[in-house]
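Student: Could you zoom in on one part of this structure and take me through it slowly? I'd like to follow the side chains and then see how that part sits against the rest.

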Amino acid sequence: MKKFFVVFLVLVLAMSFSLTAIAADAPSAKASTAKTYPVGPIQKAERGFSNAVFGWTEIPKRIVDESKASNPVKGLFLGLWQGSCKAFARTASGVVDMATFPVGQYDKPVITPDMPAAK
């Protein structure tokens with residue numbers, strides 16, 4: 001039963017990532033998402049929560065990106081450093097956004113998101 005659950009979970013995640021990539025490449029998706037950010041306190045709180053919870057994902061992302069750009073050894077060390085710096089910045093920005101969502105500017109995030117849907 002555990003094996004079935006793990007295989008099912010991997011398949012669902014793979015399908016969701018592939019569907020997200022397909023949707024991001026669609027011309028209508030790119031045309032409708034200009035470089036504007038959601039405006040309002042609820043959206044600021046959502047952005048802050050997302051950055052605070054998922055900031056750590058910058059570490060493996062940067063390792064993979066640097067490994068593709070150069071060699072795997074350099075990618076591991078340089079990507080680990082860059083990912084840790086970016087993860088700290090995203091997490092700190094998320095905590096600040098969550099703490100200050102009732103006040104302040106809503107349309108200018110502290111950290112520009114790397115997600116295609118948010119650009």
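Tutor: Let's start with Asp65, which is partly exposed because its relative accessible area is 37%; buried would mean under 20% and exposed over 50%, with partly exposed in between (1.4 Å probe, protein chains only). Before going on, note that this is a predicted model, where local features need pLDDT of at least 70 and side-chain atom pairs count only at pLDDT 80 or more, while totals for chains, interfaces and linings use all residues. Residues are numbered from 1 along each chain as its sequence is written, and side-chain values use heavy atoms, leaving out hydrogens and water.

Asp65 has a partner: it forms a salt bridge with Lys61, and their closest N and O atoms are 3.1 Å apart. (A salt bridge here is a side-chain nitrogen of Lys or Arg within 4 Å of a carboxyl oxygen of Asp or Glu.) Both residues belong to helix H4, and because they are four residues apart there, about one helical turn separates them. Helices are DSSP runs of H or I with at least four residues, strands are E runs of at least two, and both are numbered from the N terminus. Lys61 is partly exposed too, since its relative accessibility is 34%. Elsewhere, salt bridges that share partners tie Glu58, Arg62 and Arg90 into one network. A search of the whole structure turns up four salt bridges.

Now look at one link in that network. Arg90 and Glu58 form a salt bridge, with 3.0 Å between the closest N and O atoms. Glu58 sits in helix H4 and Arg90 in helix H5, so this pair ties together parts that are 32 residues apart in sequence. How much of each partner is covered? Arg90 counts as buried because its relative accessibility is 5%, and Glu58 is buried as well, at 2%.

Helix H4 covers residues 58-69, and the two helices pack at an angle of about 145° with their axes 7 Å apart. Each axis is a line fitted to C-alpha atoms, for helices over the stretch in contact, and angles run from 0 to 180 degrees between N-to-C directions. H4 passes H5 in a right-handed crossing, meaning that the near helix is turned clockwise from the far one by less than a right angle; left-handed means anticlockwise. On the H4 side, the residues that meet H5 are Glu58, Ile59, Arg62, Ile63, Glu66 and Ser67. Their counterparts in H5 include Pro72, Leu76, Leu78, Gly79, Gln82 and Arg90. Sorted by class, this contact has seven nonpolar, six polar and five charged residues. Here Ala, Val, Leu, Ile, Met, Phe, Trp, Tyr, Cys and Pro are nonpolar, Asp, Glu, Lys and Arg are charged, and the others, Gly among them, are polar.

If you ignore neighbours within four places in sequence, Glu66 is in contact (heavy atoms within 4.5 Å) with Asn71, Gly75, Leu78, Gly79 and Gln82. Take Gly79: it comes 13 residues away from Glu66 in sequence, yet their C-alpha atoms are 5.5 Å apart.

H5 has another partner, helix H3. The axes of H3 (residues 41-54) and H5 (residues 72-99) come within 7 Å and cross at roughly 145°, and this crossing is left-handed. Among the residues that meet here are Arg47, Phe49 and Ser50 from H3, and Val95, Asp97 and Met98 from H5. By class, the contact of H3 with H5 holds six nonpolar, six polar and four charged residues. Asp97 and Arg47 join their side chains in a salt bridge (3.3 Å, N to O). That pair links distant parts of the chain, being 50 residues apart, and both Asp97 and Arg47 are buried. Val95, also in H5, is partly exposed, as its relative accessible area is 46%.

To place all this in the whole fold, the protein chain has five helices and zero strands. Of its 119 residues, 18% count as buried. Among contacts between residues at least 6 apart in sequence, 72% join residues at least 24 apart.
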